[in-house]
Each structure stands twice: as C-alpha cells, then as structure tokens.
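Here is a short tour of a model that you can follow with the structure open beside you.

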Amino acid sequence: MSTAAEHLAGELEDRPPLARMAIAVLALVGLLVAVYLSMYKLGYLGIIQCQFGSCEKVQASRYAFFLGQPVAVWGVGAYIIIFALAMMGTQPRFARERWVALSIFAMSLVGVLFSAYLTYLEAAVIHAWCQWCVVSAILITLIFLLSIPGLRQAR
C-alpha cells in the first residue's frame, strides 16, 4: 500500500524533465540562429541583418571557418544533436538514462568552450561583434547550465 507522498513522488518521476524541455526549446532557437548564419555564409542570403555590432566583419574574418567549414554549419550540427538528445531525454524510457544526461552535458560544454573562444576572438582579435554569435553563445551557456541538474538525477 502506498502513501499519498509516494504516489505524488511517483507522478513527479513520470513527468518529463522540465530542464530537458527547456534545453530542447533553447536548442531549437539556436538551430534557427545557426541556420540563418549558415545560409548567409553559404551565399543563400545577400546581406545579414545585424542591428548591433558588425556581423559582416565577423562573418568575413578567417575565424568564421573551422576545419574547412563555416562555424555556423558546425553550430547547425551541434544544435540538431542537442535538440534530439533533449527530446529523447523527455521520453519516460530515456528520462533517467545517464548517457543522455552526459551527452547533453558534454555537447553543451564543448559548445560553451568554443563559444568562449569565438567571443574572445571577436573582442580581442577581430574587434567587432556579431549579435547572432552573441545570442548563440548565450543560448549554449543556458543549455549547459540546464544540463547540470540532469547529471545528478540520472542513474
């Protein structure tokens, strides 16, 4: 026989993790930003909309490429993977799986470190800011912070 507290605890465990849903939303927004920058970088857009900073100067720098591909294209891949992992992590079957939590944490950690490097380049080397890059850096930082509680809750 279960008590009301055990029943409530069971119901709470069955709910999709709120942090994973927030990560999925943030990854989707990051994906849109990365797709927009990729389309510009690959020549599908004529001009880049930039209200603040010098997005074109940043995108025209040699640092806008990594391993022969536009940095934004790498961002598209990373955000797709994080989105897929977060959505998988909201399913009851995978909600408490440790590898899902570790994968989201590791992907977002790499993203935070790479974004920090790119932000340093914008400030110290290029001397220009790209608003879309800053938005992406903020999004991946939020995803990283939201991934930390998942490590403790995973089995």
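## Contacts and overall layout

Contact here means heavy atoms within 4.5 Å. With that in hand, contacts between residues 24 or more positions apart make up 73% of those in the protein chain that have a separation of 6 or more. Please keep in mind that this is a predicted model.

The protein chain has six helices and two strands. Reading from the N terminus, the order of elements is α-α-α-β-β-α-α-α. The chain has 155 residues, and 35% of them count as buried.

An unreviewed UniProt entry carries the annotation "transmembrane region" for residues 21–43, 63–87, 99–120 and 126–148. Two of these spans are worth a look in the model. For residues 99–120 the span is 100% helix and 0% strand, with the end C-alpha atoms 31 Å apart.

## H2 against H6

Two packed helices are described by the angle between their axes and the distance between the axes. How do H2 and H6 cross? The axes of helix H2 (residues 18–41) and helix H6 (residues 131–153) come within 9 Å, crossing at roughly 160°. Since an angle over 145 degrees counts as roughly antiparallel, H2 is roughly antiparallel to H6. The crossing of these two helices, H2 and H6, is left-handed.

On the H2 side, the contact is made by Ala19, Arg20, Ala22, Ile23, Leu26, Ala27, Val29, Gly30, Val33, Tyr36 and Leu37. H6 brings Trp132, Cys133, Val135, Ser136, Leu139, Leu142, Ile143, Leu146, Ser147 and Gly150. Sorted by class, the contact of H2 with H6 holds 16 nonpolar, four polar and one charged residues.

## Two residues of H6

Ser147 lies in helix H6, and because its relative accessibility is 3%, Ser147 counts as buried. Which residues is Ser147 in contact with, leaving aside its neighbours within four places in sequence? They are Ile23, Ile104, Phe105 and Ser108.

Leu142 lies in helix H6 too. At 37% relative accessibility, Leu142 counts as partly exposed. Leu142 and Ile23 are 119 residues apart in sequence, while their C-alpha atoms are 8.0 Å apart in space.

## H4 against H5

Helix H4 (residues 71–89) packs with helix H5 (residues 98–126) at an angle of about 155°, and their axes are 10 Å apart. H4 and H5 are therefore roughly antiparallel to each other. The crossing in which H4 passes H5 is left-handed.

Where the two helices meet, H4 provides Val71, Ala78, Ile81, Ile82, Leu85, Ala86, Met88 and Gly89. Their partners in H5 are Trp99, Val100, Ser103, Ile104, Met107, Ser108, Phe114 and Leu118. By class, the residues in the contact of H4 with H5 comprise 13 nonpolar, three polar and no charged.

## Loops to look at

Most residues other than glycine have a negative phi, and most peptide bonds are trans. Against that background, Leu67 has a positive phi, near 55°. Leu67 sits in the loop between strand E1 (65–66) and strand E2 (69–70). Is Leu67 buried or exposed? Its relative accessibility is 68%, so Leu67 counts as exposed. His127 has a positive phi as well, near 60°, and is found in the loop between H5 and H6. His127 counts as exposed, with 57% relative accessibility.

The loop between H4 and H5 includes Gln91. Gln91 counts as partly exposed, at 39% relative accessibility. Along the chain, Gln91 and Arg20 are 71 residues apart, and their C-alpha atoms are separated by 9.9 Å. Arg20 is also one of the H2 residues that make the contact with H6.

How values were computed:
Residues are numbered from 1 along each chain as its sequence is written. This is a predicted model: local features need pLDDT of at least 70, side-chain atom pairs count only at pLDDT 80 or more; totals for chains, interfaces and linings use all residues. Side-chain values use heavy atoms; hydrogens and water are left out. Axes are lines fitted to C-alpha atoms, for helices over the stretch in contact, and angles run from 0 to 180 degrees between N-to-C directions. Helices (H or I, at least four residues) and strands (E, at least two) are DSSP runs, numbered from the N terminus. Angles under 35 degrees count as roughly parallel, over 145 as roughly antiparallel, 65 to 115 as roughly perpendicular and the rest as oblique. A crossing is left-handed if the near helix is turned anticlockwise from the far one by less than a right angle, and right-handed if clockwise. Ala, Val, Leu, Ile, Met, Phe, Trp, Tyr, Cys and Pro count as nonpolar, Asp, Glu, Lys and Arg as charged, and the others, Gly among them, as polar. UniProt positions are given in the numbering used here, feature names are shortened, and annotations may be inferred rather than shown by experiment. Buried means under 20% relative accessible area, exposed over 50%, partly exposed in between (1.4 Å probe, protein chains only).
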